[in-house]
Amino acid sequence: MRAATLLRRAGVLLGTFTLALTGPSAVPAAAADYERVTGFGSNPGALTMYRHLPDGLSAGAPVVLVLHGCTQDGPGFATGAGWRAHADAHGFALVAAQQESANNASRCFNWFQSGDTARGQGEALSLRQMVAHTVDAVDADPSRVYVAGFSGGGAMAASLLAAYPDVFAGGAILAGVPHGCATGMVQAFGCMNPGSDRTAAQWGDLVRARNRGYGGPWPTVSVWHGTSDTTVVPANATELVEQWTDVHGTDAAADGSASLPGGVTRRTYEAGGGTVVREYRAAGMGHAVPVRPSEGCGTAGAYAADVLCAAEHITADWGLGATDPQDPDEPTDPEEPTDPEPVPCFTASNHGHVAAGRATVRYGIAYAVGSGDALGWWNTYTVTSLTEPRPGWYERTSGCG
């Protein structure tokens with residue numbers, strides 16, 4: 001049996017497992033509001049393309065590609081997560097890609113198969129063809145193409161940014177995993193929970209290996225995760241930040257922090273005089289996309305939590321909409337900016353963190369109290385660093401100092 005067939009069958013098995021975890025999508029399909037596009041390219045990944053073009057879309061508009069999670073459909077996710085409303089409000093072409101059950105039993109994008117995540121192959125190439133077709137069809141701006149994905153779509157978004165850094169100016173990874181975390185089904189289970197712990201350089205090398213010799217620029221990235229996500233654990237957010245800060249040539253020590261509505265904490269990471277990575281953590285949120293129906297942003301339900309409008313903040317980060325209406329990063333008095341209070345940081349063995357109450361132990365693995373970040377084996381030899389952004393809440397960091 002061919003290796004590709006074996007991998008595809010592994011994808012079906014993983015999709016079935018994920019369906020048991022998540023259940024059916026609570027967001028109905030909204031295909032009537034979208035154009036189904038065929039003939040957009042060779043489509044080696046056998047994906048389906050839907051597109052929404054706002055009335056009066058002008059030449060030179062941006063393009064946003066959105067990738068749904070397992071069991072969801074393209075148009076339903078794009079509307080339910082607030083993307084269609086923001087396309088209309090801010091004037092960008094919206095592409096809603098859809099996985100099909102013939103490729104994966106639960107319609108998960110096959111983010112753990114190298115043949116679907118490499119440049120010029122499989123699903124990755126199909127997705128690239130969707131945005132290229134849209135750029136040509138509506139005379140969009142090829143320098144302002146972006147991707148956002150949730151869960152399996154978030155994992156695929158990370159790989160798409162790695163495969164096509166010359167195509168995507170930025171991306172948002174919601175409840176996803178780092179690019180290159182898995183190359184097969186068994187690894188994929190471990191990436192989701194309890195997560196994979198590698199150094200920032202190792203994660204960054206996985207991205208750079210997709211385009212050897214590429215000199216940049218690299219896409220800006222935002223990472224979104226709920227602190228109570230047990231399907232794709234929050235440790236993945238930490239690893240994603242390490243991956244993309246390393247790609248941008250900086251460290252994973254935050255350069256700024258702000259508290260947003262809904263218990264969301266935003267941390268920013270700078271390089272070259274600008275913000276290259278943003279991390280959003282929603283306290284108490286499970287496996288979900290943050291939405292805000294009262295503000296006309298999406299629909300709450302399974303995998304969509306009424307917290308704040310992620311689509312609004314993401315488009316603001318990309319410069320597609322209004323500036324962040326609640327941006328605490330801007331000082332209230334421009335002549336008297338205030339520096340944030342230093343965040344306590346602790347470096348110790350995992351055994352020491354547990355003894356001090358900063359971590360707990362499950363099945364021999366230490367986890368940070370509060371964030372749930374995986375720290376590795378519980379022993380006196382494994383040394384990690386934890387920050388304490390608020391009393392009793394600890395998060396893994398690359399180091400103190």
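Okay, let's start with one cysteine: Cys-70 comes out at 9% relative accessibility and counts as buried. By buried I mean under 20% relative accessible area, while exposed is over 50% and partly exposed is in between, using a 1.4 Å probe and protein chains only.

Before I go on, a word on what we're looking at. This is a predicted model, where local features need pLDDT of at least 70 and side-chain atom pairs count only at pLDDT 80 or more, though totals for chains, interfaces and linings use all residues. Residues are numbered from 1 along each chain as its sequence is written, and side-chain values use heavy atoms, with hydrogens and water left out.

So who is the partner of Cys-70 in its disulfide? That's Cys-108, with the sulfurs 2.1 Å apart. A disulfide here is a pair of cysteine sulfur atoms within 2.5 Å. The torsion about that S-S bond, between Cys-70 and Cys-108, is about 125°, so the link is right-handed. Cys-70 sits in the loop between β3 (63-67) and α2 (74-80), and Cys-108 in the loop between β4 (93-98) and α4 (114-117), so the bond ties together parts that are 38 residues apart in sequence. Those labels are DSSP runs numbered from the N terminus: helices are H or I with at least four residues, strands are E with at least two. Cys-108 is buried as well, at 3% relative accessibility.

How many disulfides does the structure hold? There are 4, and with bonded cysteines counted along the chain, the pattern reads 1-2, 3-4, 5-6, 7-8.

Another one joins Cys-297 to Cys-309, again with an S to S distance of 2.1 Å. Its torsion is about 75°, so this disulfide is right-handed. It links distant parts of the chain, 12 residues apart: Cys-297 is in the loop between β11 (289-291) and β12 (304-306), and Cys-309 is in the loop between β12 and α10 (310-318). Both Cys-297 and Cys-309 are buried.

Then there's Cys-345 with Cys-400, at 1.8 Å from S to S. At -80° about the S-S bond, the link of Cys-345 and Cys-400 is left-handed. Cys-345 belongs to strand β13 (residues 345-349) and Cys-400 to the segment after β18 (393-397), so here the parts tied together are 55 residues apart in sequence. And are these two buried or partly exposed? Cys-345 is partly exposed at 29% relative accessible area, and Cys-400 is partly exposed at 35%.

Next, the largest pocket. It holds about 730 Å³ of space. Of its 31 lining residues, the closest to the centre are Ala-254, Ser-257, Arg-267, Val-343 and Pro-389. A pocket, on a 1 Å grid over the protein atoms alone, is an open set of points where a 1.4 Å probe fits, with protein on both sides within 12 Å along at least five of seven lines, and lining residues have an atom within 4 Å of a point. The volume is the space filled by probe spheres set on the points, which are joined across faces, edges and corners.

Which element gives the largest share of that lining? It's β8, with 4 residues. Among the elements that each supply at least two are α9 (235-247), β8 (256-260), β9 (264-271) and β17 (383-390). By type, the lining divides into 12 nonpolar, 10 polar and 9 charged residues.

Now helix α6 (residues 152-163). All told, 12 of its 12 residues are buried, so it is largely enclosed by the rest of the structure. The buried residues include Gly-152, Met-156 and Leu-160.

Ser-151 is buried, at 11% relative accessibility. Ala-46 has a positive phi too, near 55°, but it counts as partly exposed at 38%. Most residues other than glycine have a negative phi, and most peptide bonds are trans.

Methods. Ala, Val, Leu, Ile, Met, Phe, Trp, Tyr, Cys and Pro count as nonpolar, Asp, Glu, Lys and Arg as charged, and the others, Gly among them, as polar.
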